[in-house]
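Please read these comments with the structure open beside you. They are given as numbered points.

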Amino acid sequence: MILAGVTITTLTGENGVLNKATEARKKTEKAKEEELRRMAALEAETYLEDYVYTDKSGKKIKIPAKCVVSQIEGENTLEKGIVIIDSDKNEWVWIEVPKEITAEANSSEEILNALNNYAINYRLAYNTDVWYDGCGLTVAEYNTLKDKMLYSIKENGGFWIGRYESGTETQRKSSIDNLTQMVIQQDKYPYNFVTPSQAQYLANQLSTNQYTCSLIFDIQWDLACKFLEETEVKNQDEIKINSNSWGNYIGDKENEVSFTIERGKYSLDDGLNFNTINTIYTKENLVPVLLTTGASERNKVLNIYDFAGNVNEWTLGKITALNPALFRSGPYSGTGTTYPAATHPNRSINTSVSNIGFRVTMY
């Protein structure tokens, strides 16, 4: 078909003018965002003390030293998920816990009980936030971190979690790979093939003189689930029963999981080899695909990527004496009904596989 001397194919084909223009616009937008993040990390270096940020709704949030609120559209309000960028370019999202929940609690035990009651729909019938041998900490270290985390939630009305699953610049292919630097950034290889104790060691490496970082505690995961519910971005069934609609899962005949992505890399062989996405890649139903961090906007809620699916995530929770290591979320090789975001699976402390990674918290 000819239109004013130009064929429709010339306009809309794979190499058509319109598609090339769209691709150029996306590259320009991506470059602008990357520059804003780079500038934010430089600015973060100048903030030597904590400071208070006031959201447009009037709520005040304490921003840790050497961190700044992202100025990218949609990333600087509590309503959509406040993102901060630290001086190392790592990105974090605020999980709000209303201060009235812990207002009457004084001891760490009372605070935890109050939080358990608040997030009761996502909790197990017993306390999972207890030490176990193999979590990478001594009993004293574990209890010190837990107390600090709990008092921080009470004082600040929330906590920070990694915006992305923990990642690495270096592709990991087996459990004997050397540990490399861990980052919380987009378009990185998922930091898999690690045991719970290794994950805790890596998480702690992000700690500074101003704040503490650790593997996320189980209660924090459930508080994040509650936050998604309270902000109405996801209902309880989507978090607790079926997360196929917003996570990278294999899918099944009743719950198809198929979506397109336009950035990052994907692997069809459990992370042994990754393919770069130059234009668009379609993840098809019943096909297990491991993605780099933050690859799909479909799998983002409140600016948090892959809280459901892609890789399971180790926590500092204990579930049984025999296989105490507790992880959350689900794997790219599973379904969102078997492994919804709020699921509580467990493994041996020596488990180190392709479909389990981890997420970091800061307090």
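1. Is Asn242 buried, exposed or partly exposed? Asn242 is partly exposed, with a relative accessible area of 22%; buried means under 20%, exposed over 50% and partly exposed in between, using a 1.4 Å probe and protein chains only.

2. The model is predicted: local features need pLDDT of at least 70, side-chain atom pairs count only at pLDDT 80 or more, and totals for chains, interfaces and linings use all residues. Residues are numbered from 1 along each chain as its sequence is written, and side-chain values use heavy atoms, with hydrogens and water left out.

3. Asn242 lies in the loop between helix 7 (236-240) and strand 12 (259-261). Helices (H or I, at least four residues) and strands (E, at least two) are DSSP runs numbered from the N terminus. Leaving aside residues up to four places away in sequence, Asn242 touches Asp237, Asn255, Gly336, Thr337 and Pro340 (contact: heavy atoms within 4.5 Å). Asn242 and Pro340 are 98 residues apart in sequence, yet their C-alpha atoms are 5.5 Å apart.

4. In helix 5 (residues 196-204), the buried residues are Pro196, Ala199, Gln200, Leu202 and Ala203. Seen down the helix axis, they fall within an arc of 165°, so they line one face of helix 5; the arc is that of the directions from the axis to the C-beta atoms. Their cover includes helix 4 (139-156), strand 11 (213-215) and strand 19 (312-318).

5. An open sheet of 4 strands runs in the order 21-20-19-22, with mixed pairing (two strands pair if DSSP finds at least two bridges between them). Strand 21 (346-347) and strand 22 are at the edges with a single partner strand each, so one side of each has no neighbour in the sheet.
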